[in-house]
There are 2 protein chains.
Amino acid sequence: MEGNGGFRALNDKSLVDYIKSTPLLVSILGNQVEDLDIKEVGDGNLNFVYIVVGSAGSMVVKQALPYIRCIGESWPMTKERAYFEAVTLKEHGRFCPAHVPEVYHFDRTMSLIAMRYLKPPHIILRKGLIAGIEYPLLAEHISDYMAKTLFHTSLLYHSTTDHRRAVAEFCGNVELCRLTEQVVFSDPYKISQYNRWTSPELDGDAEAVRQDDTLKLEVAKLKAMFCERAQALVHGDLHTGSIMVTLDSTQVIDPEFAFYGPMGFDIGAFLGNLILAFFSQDGHADQANRESYKKWILGTIADTWNLFQKKFTSLWNEHKDGDGEAYLAAIYNSPSLLLLAQTNYMKDLFHDSLGFGAAKMIRRIVGVAHVEDFESIVDAKKRASCERRALEFAKKLLKERHAYHTIDQVISIIHEFNQ
Amino acid sequence: MEGNGGFRALNDKSLVDYIKSTPLLVSILGNQVEDLDIKEVGDGNLNFVYIVVGSAGSMVVKQALPYIRCIGESWPMTKERAYFEAVTLKEHGRFCPAHVPEVYHFDRTMSLIAMRYLKPPHIILRKGLIAGIEYPLLAEHISDYMAKTLFHTSLLYHSTTDHRRAVAEFCGNVELCRLTEQVVFSDPYKISQYNRWTSPELDGDAEAVRQDDTLKLEVAKLKAMFCERAQALVHGDLHTGSIMVTLDSTQVIDPEFAFYGPMGFDIGAFLGNLILAFFSQDGHADQANRESYKKWILGTIADTWNLFQKKFTSLWNEHKDGDGEAYLAAIYNSPSLLLLAQTNYMKDLFHDSLGFGAAKMIRRIVGVAHVEDFESIVDAKKRASCERRALEFAKKLLKERHAYHTIDQVISIIHEFNQ
């Protein structure tokens, strides 16, 4: 396994040797490395993830291999993604340490990150949503994460010198961006060997997506924004599977798709995946009445956007005399003018978020990668019915997003499609 | 003069030694380097430019110094701009050799470019416009240049892999971008030591610009687009002083401000500077009746946009099955859908161009760098009257650009302000 510039794919045996030969990791484990308990838990699509627990400390070790794990060596994917993930965890962690796990160690040659182990009862948010668990602090925490990470990596906070330097570096993560371009903005709108859907129930629906000219024209605009607009350092894959939660903790993981892109791509990913969770609830309703849980999801969607807007604007006000160069204080020099500028900015960001959120919903129903929210509904008819309502809502949202001015209007439309 | 990593500022004496020690340059001069005629002609703001003529060949040698020539060492400016200029001349020249001078030699250490000498009767277009000379091929040529350079460096032609690689490289030209950000999008809208205007005549007009909230909100959107949107490799300074012409030749020079930015920034720069030339004509009217010349300018404005649109769309059609990833043929798979996509694209590009064009006009009247079109009008009252009409038109255009659908509508408004 040697070669490839020093890279070796580890397993739970060779990982122990790696740890023993890395003093920093040994010290994090409290210098007790004899009876380490190592478990491979990578249930994601891309990487190997090991939980390492010793008698005096613990950590998670994540290693990227040069292909996509869930597909195999036939779909190569640069392991340099681990570098962009590590840089982003550190950068986002600097601005929002409460919701980003600490990076202990990064080894670029080995594409290996050692970071804080998010102990039980932390679970993947998506699993909590499927189980019908309410997370009372979720909107508060995620709005905090998004406001802090997006604001501080934008031109509202950065000088253009710092911004262009960072943009240039993250241009290197192009392979991961290309994967998103393909699976989010292209494949669902054409015949592709990777697409799948609940068949035969949704055959006509998938076909309708491929024949919807208005939808395709709107998707082109979103794709252009994704490819061209370096607005902030976005996580790049902020769905409910990239978030670990307990009732009082919310932690954002897995930013390997990070790049300088449109802020709405993150906000939309989170909101869109909550909406998917909403439409999937009827498929899980035999386990219990989910009506009050559906209300909680909608409330969390509304709270997330409203809190995000409030927090982002507060950060802007706080830093309006800082280094950010988008709105110089000497030009936007009255409270009323600044408020107008902020209103314009948030309106555009709202529409971007709705567009990207809708696109992320569509691709989860007729594209390559589906969500467990729907996949875990065993009855295909029931699943198709949930998916169809989500899909129809998403198409309307994508096409008519500019007509909405508040998140409450969006929630009214969700209600309509819930009938 | 040694040091600075091998960089030496040349003069017309040391340039001869430099040429003699560079075999390629010697060969371009037909191996006759004894009686070279060397003239320094840099009338621009930034660099030293030498015309080198031997008995068997000629060239232009341009050297960037690490400050802005017209201001001096008090305003430092990276000489790496020569690198971006050379790369852009070559890249644009590859796609449009008819309108970009050939680069013979680039020396990064010396920030020195040797390129084709554009012989007399080539003159700077701006001087031709002031003299009232009609260039019947100008619209044809510049539309060709803009369509070819912008199309072939956009995602309509590039893969996203190539695009992000190129974007990353040009992020390095941040200092020149920052100069534009300051003098085009910021200084005119605030008190700045660098601003000037025809005073006292335009004191109130300059003040009105600084107090126009609607204008400032629109300028913020353009600035964000300039800083964030990597649409194509733009020249970055495509005014009528960056173009050399004869009656049958049009050559675009000086792309040292080049970067991946919004296409409308180039198109707007050219159109906006033609509109400035239009409004300046009454100041030169004592030399001759300029009415028919003003008509020619307006015709050239209309032809430039209409021809650009036609040529750009033709290139798109020609390459619709190529490597460009913005509009995949498998998705935009009917002639009517492709036409709709193109119509949307050109509409947005038109509005961007009008916005940037207007911003470039405004900054030439109340910002640091003015245009000879107005500066050469000696009578301050007459100059102020011309400038005021141009300024008022530009403010309206910037604020209401989304209301215009054709270039003819824009020209009607120019007529209104010409009264």
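1. Rings of Phe, Tyr and Trp (its six-membered ring) pair if their centres lie within 6.5 Å; planes under 30 degrees apart count as stacked, over 60 as edge-to-face and the rest as tilted. In this predicted model, such pairs link Phe95(A), Phe151(A), Tyr157(A), Trp305(A), Phe308(A), Phe312(A), Trp316(A), Tyr327(A), Tyr332(A), Tyr345(A) and Phe350(A) into a cluster.

2. Over all chains there are 50 aromatic pairs. Take Phe151(A) and Phe312(A): ring centres 5.6 Å apart and planes at 80°, so they meet edge-to-face. Phe151(A) sits in helix 5 (residues 138–152) of chain A and Phe312(A) in helix 11 (residues 291–318) of chain A, so this pair ties together parts 161 residues apart in sequence. Helices here are DSSP runs (H or I, at least four residues), numbered from the N terminus.

3. Buried means under 20% relative accessible area (1.4 Å probe, protein chains only).

4. Over in chain B, Phe185(B) and Phe356(B) also pair edge-to-face, 6.1 Å centre to centre with 75° between the planes. Helix 7 (residues 174–186) of chain B holds Phe185(B) and helix 12 (residues 335–366) of chain B holds Phe356(B), so the pair ties together parts 171 residues apart in sequence. Both Phe185(B) and Phe356(B) are buried.

5. Now for charges over rings (NZ of Lys or CZ of Arg within 6 Å of the ring centre and within 35 degrees of the ring normal). Arg108(A) lies over the face of Tyr83(A), 3.5 Å from the ring centre. Lys294(A) has its charged end over the ring of Phe278(A), 5.2 Å from the centre.

6. Housekeeping: residues count from 1 along each chain as its sequence is written, and chains are lettered from A and ligands numbered from 1 in the order written. Local features need pLDDT of at least 70 and side-chain atom pairs 80 or more, while totals for chains, interfaces and linings use all residues, and side-chain values use heavy atoms, leaving out hydrogens and water.

Definitions and conventions:
Helix = DSSP H or I, 4+ residues; strand = E, 2+ residues; numbered from the N terminus. Buried < 20%, exposed > 50% of the residue type's maximum accessible area, 1.4 Å probe, protein only.
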